[in-house]
Amino acid sequence: MDTTSSINTPESGMVELATFYVGQALCGMDILKVQEINKLMEMTTVPQAPNYVMGILNLRGQIVTIIDLGKKLGLATTEMSDTSRNIIVNSKGEYIGLHVSKISDVVEADWSKVEPPPANIGGVQGTYFRGVFKTKQSLIGILDTEKVLLEEN
Amino acid sequence: MTIQDDETLQMYLEESLEHLEDIENDLLAIEEAGADIDDELVNKVYRAAHSIKGGAGFMGLTNIKDLTHEMENILGKIRSREMVPTSDVINVLLSASDTLKSLMDNVLHSNDEDISEQIAQLKAVLAGQAGTAAEQSPSTPASSPSTAPDSQDSCPAPEGTVALILPGGRCGLYIEPEDVLPLMEEGKCVYLVEMLLEEDLKAKDKTLKAVIEEMDQTGVILGCNFELPPLDKIEKDWTPEGTDQLLFLFATILKPGDINVLFEIDADRIFQLTDELELRTLEGEPVSPPADVTATQANEETPAVEEDPSPADSDATVVEETKTDKAAGQTEKQASTASANAEPPHKSVPGSRPREAKSSQPSKFGHETSLRVHVSLLDQLMTLAGELVLSRNQLLQSMASGDQRGSEIAGQRIDLITSELQEAIMLTRMQSIGNVFNKFPRVVRDLARSLGKKVELILEGKEVELDKTIIEAIGDPLTHLVRNAVDHGIEPPDVRQRAGKSPVGQIYLKAYHEAGQVNIEISDDGQGIDGHKLAAKALEKGLVTEEQVKMMSEREKINLIFLPGFSTAEKVTDVSGRGVGMDVVKTNLDKLGGLIDIDSEVGKGSVIRIKLPLTLAIIPCQIVLTGGERYAIPQVNLEELLRIPADQIQARIERVGDAEVVRLRGNLLPLIKLSEVIGIEPTYVDPETGLRKADRRKSLADRRCQKSPGPGPEMAADDYSCTADQAEIETENRQGGERRYRAASALNIVVVSTGAMKYGLVVDELHDSEEIVVKPLGRDLKKCKGYAGATIMGDGRVALILDVANLAQMAGLTSVENSVRAAEIAKAEKEAIKAKKDKQSLLIFRSSEEEQFAAPLSLVERIEKIKYTDIEDVGGKRVIKYRGGSLPLFSIDEVAMVKPLADQENLLVIVFVVAGREIGLLAIGPVDAMEVTINIDGQTLRQTGIMGSAIINNQTTLLIDIFEIVKALNPEWFDEQEVVEVSEGEAATILFAEDSSFFRNQVKGSMEDQGYNVLEAEDGEIAWNLLQENADRIALVVTDIEMPNMDGFTLTKKIKESPLFSHLPVIALTTLAGEEDIAKGKEVGIDDYQIKLDKEKLLASITNHLKQLKAA
């Protein structure tokens, strides 16, 4: 599995996942990475920004770049709706907001039960997932946030 | 080595660095003064060096101490006029101060550095003088540099005192000369007596009390190295604490031969003080180096004193010498100061001393970690903070109780306090630019010396303050520029002399505030920068194309120097230099939000101007709105705001090639649409619905050619037909809705500048100017070059800050390309300056598709667009109904042999006013107004109605003579005009000076037509001679301004100053009468200004003046 993202928590023991929907897909990320979740939508668009950047907003005096997680993952555009939220994460000393369609539960997962991402997601998306966790109802794709937020060259 | 605690060391370093900076400049001043020594200055350096030394001794920084000590010795010599501060001497001192600086930069390891070479140099300088000095004064040390320095070195004398040094360099006492000298004058002898408690007293069974009493009876104790209680309070067995070596300074009438009767100690421990304040043994041998270590005698308190780390003050005549044994004193360089903290280096510390050595801890001593702030400023900050707290309480209370009025008041107070607080905090960060400037005298001196040039540096505005970060960042770029000025700007003395300049080159460095910014100007009177050579170089490097170069003005060529890649490591001295790393300078300044611009004249010198913001954190910005989002444009870049009313857009927005430009005070300003550059849809507010709608206007103005193939006037010229067609089509399209004539569709232009480049940014709306705080953008947006950051507006939303330089680049508007647009003007300007020819504003138009015509713009009243069908043919003449009257129309082909007027539906009418009436010339587009310098050929294509031809835009252009045409068409119009002023039956004679033969013939012709006699002159000088030859005939002078040999101003001045001619009216002929010129003209006495080619007005003016003359 992924060895490059050393900043991530060790992949062993229990982990609490904040889960959310990107479009129809249920994704999760280590809850300890989450700074806050808000529904600030007063964004300022940035012309000429990469297409996955929705805009920037003022989070208590700090400028936060909001990223459309759907687009970033190569899925559909995440529409702004009543349920959509920004998950603010702190990455390399900078706040970045991930815009998701809907927030779901916090799920406790055991790393030992996390399976590697299925071979058929592959491509761009594949690299963004650390693994898949299966619950009774659904599958949660565990996001590698550092990779998602990595600067594109 | 003994290192004090960090804080003390830090303080010492800061002080010392300050001293060092002063030292450098003062040394330069001393050098300049040469043999004419300014005591005050030398003393100042001396004191500074001394303070450094004192502290170094205290800190155990032996290398620093040794070095300063040597410097001190030399300075001492200079002060006592035993040494002339030649530049060699100063050189050594300067390099020593450099070494000092580097030692301090790495203070913790300073003792490990090898500075022996430096010391040897200093000693050599000292010794070089010592030989001669010794003859003059026997007191000079017997050139034994190994011991002398050490001894002197350990005894820094407090202000106003003299250190008396014992053999072996131990510190003796400090005396105040004014205490001692009067006693000597009374015939007393002054002795320094050294008694050892054990050896001299206890061993001989004496008590100190007895000795002191005895001394008191035979003389006066002037001082001792312990605290002496009043005599009657001394107890029998009292001995002073802390020392067993007692020193007395004793004045008595006893002669040297008798003195030891009193003390009965070793004679070599009694020394006599000479009237030069030097110690001698009783045999009269000198024992110590000259006492020229005197810090200024009886000087007022100076900062140097306050900062002296030794706590000694004026009454510190009491010194405890912590001497263990004599040998130690001789071999070790004692780290002693006048304070009680002095101690030999490796002796354990007696516990009672408070500020004693800790073991040294490795820590970083960056020099920028602390800042000196005036206490009053801190107090002010505290007060403001207090007020802020109070206002907050007020606000909280008002909010809790729902008192809206109260909240408002509190809000206002907070607003006020915040501004004040911001200002006060800013002040703490402000530093004077002198910090940077002060190092330049040295830079210039050293460089000039090594290059064999003579350069004088003049600093101005050192007190101007800038934010600390900017001060720090600007040092390097400025140094670079100053070095360049010396290296490439100023010529060697012989070259300068040959060029008729003073052999000493001058560099001005000037800082001043302007419009909330700091301006720095670096100007030199050197050889200047040759734009052609730079352009050639840029061309060679492939940075610009040949076409671009052709279009460039001199100024733009010079500014090529800033092109990245223009100046690499390779020196370009062969092409008049000035290029090494200039792009780096520019990049650095760009980072600071600064602007740089160069102006230069070959042979005269260059001026580099830098504009800097006062601070980087908070910047004033203009807020604009485009595409529904707000953007901030830093005020630094803002030149002006321009709003073009909807009904003028057509007239003022023009197209050159595919670029839109606006005419602004005679200059073409390239326009960039913000919405286009950043790829958003512009919006406008619908005046009827109040809704924001997308603005679908594609072009700002009407004359537009979609398919314009490329930049460059040649291309544009070839493109005329296309443009014409296009114009036609568009005119038609517009007939339906004239939306653009609404007020809301007025054009908002923000005129911004980035260094040499200036352009107009078209935005949807202009908002207020606000102070904003710059916040960085996230990493995902780093690639968006158009933004310098973001800020948070009052309503909490984020606005982007525009980077105007990058925007210009994104729009493909580099400085070079910019010039393509302004090319014609720039070129004309350049030539006007170079060839001293006249600029002419011309309106260019066509009558048929093939022929291009031009008419002087000054004669054009306005241009109308009409339909062919609007023309009425009445009474054999063509007219058009206009403002309730009939405007007579004509076309050029009616008078001149040119191709007939194009058969088009849409025509232009160029309205002229001739003989007080309006007349319209039928023409077709495209029209363009140009300010050009042209060589008019008055012969080849001359015919009635055509005064000549010229090449404009690579096309032969016929210049129409509107007067001739009108005269040919309507001769009756002119009848009433014919007023020939005659004196005694003879026509008046007019002296006419004009260098261009075309204009000369033109104007002369029209004056002669009128009946005047005309004497023509090619320049002012010839005119002046003619005037003298024909003094009695000439009644009036008409002169051009720009002429070789003698210009119109000078000529007028001469005329007006001469008693013979001062009554003569002088009419100046210009192409463009600028306000400045008019003012200048008025000053020298020009009676009237007339525009060339406006014959009518000129003749009217001549008539007028002649009448007045006659009446008088």
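In the predicted model, helix H32 of chain B passes helix H33 of chain B in a right-handed crossing, a crossing being right-handed if the near helix is turned clockwise from the far one by less than a right angle, and left-handed if anticlockwise. Helices (H or I, at least four residues) and strands (E, at least two) are DSSP runs numbered from the N terminus. The axes of H32(B), residues 1020-1029, and H33(B), residues 1048-1057, come within 9 Å and cross at roughly 25°, where axes are lines fitted to C-alpha atoms, for helices over the stretch in contact, and angles run from 0 to 180 degrees between N-to-C directions. The two helices are therefore roughly parallel to each other, given that angles under 35 degrees count as roughly parallel, over 145 as roughly antiparallel, 65 to 115 as roughly perpendicular and the rest as oblique. On the side of H32(B), the contact is made by B:Gly1020, B:Ala1023 and B:Trp1024, and on that of H33(B) by B:Gly1048, B:Thr1050, B:Leu1051 and B:Lys1054; two residues are in contact if their C-beta atoms, placed from the backbone, lie within 7 Å. By class, these residues comprise three nonpolar, three polar and one charged, with Ala, Val, Leu, Ile, Met, Phe, Trp, Tyr, Cys and Pro taken as nonpolar, Asp, Glu, Lys and Arg as charged, and the others, Gly among them, as polar.

Residues are numbered from 1 along each chain as its sequence is written, while chains are lettered from A and ligands numbered from 1 in the order in which they are written. As the model is predicted, local features need pLDDT of at least 70 and side-chain atom pairs count only at pLDDT 80 or more, whereas totals for chains, interfaces and linings use all residues.

H3(B) has 18 residues and reaches 25 Å from its first C-alpha to its last, close to the 26 Å expected at 1.5 Å a residue, the expected span being 1.5 Å times one less than the number of residues. Because 18 of the 18 residues of H3(B) are buried, this helix is largely enclosed by the rest of the structure; a residue is buried if 20 or more other C-beta atoms lie within 10 Å of its own, exposed if 12 or fewer, and partly exposed in between, with C-beta atoms placed from the backbone. Just after H3(B), B:Arg81 takes a positive phi of about 60°. In helix H4(B), residues 87-105, the end C-alpha atoms are 26 Å apart, which agrees with the 27 Å that its 19 residues should span at 1.5 Å a residue. The buried residues of H4(B) include B:Val89, B:Ile90, B:Leu93, B:Leu100 and B:Met104.

Elsewhere in chain B, B:Ile608 lies in strand E14, residues 605-613, and counts as buried because it has 25 C-beta neighbours inside 10 Å. With residues up to four places away in sequence not counted, B:Ile608 touches B:Leu481, B:Ile522, B:Ile596 and B:Ile598. B:Ile608 and B:Ile520 are 88 residues apart in sequence, yet 8.1 Å apart in space, C-alpha to C-alpha.

Taken as a whole, the secondary structure of chain B comes to 35 helices and 44 strands, and buried residues make up 42% of its 1112 residues. Chain A has three helices and ten strands, and buried residues make up 38% of its 153 residues. Between the chains, 19 residues of chain B are in contact with 19 residues of chain A. Strands E26 (787-792) and E27 (798-802) of chain B each supply at least two residues of the side that touches chain A, and E27(B) gives the most, with three residues.
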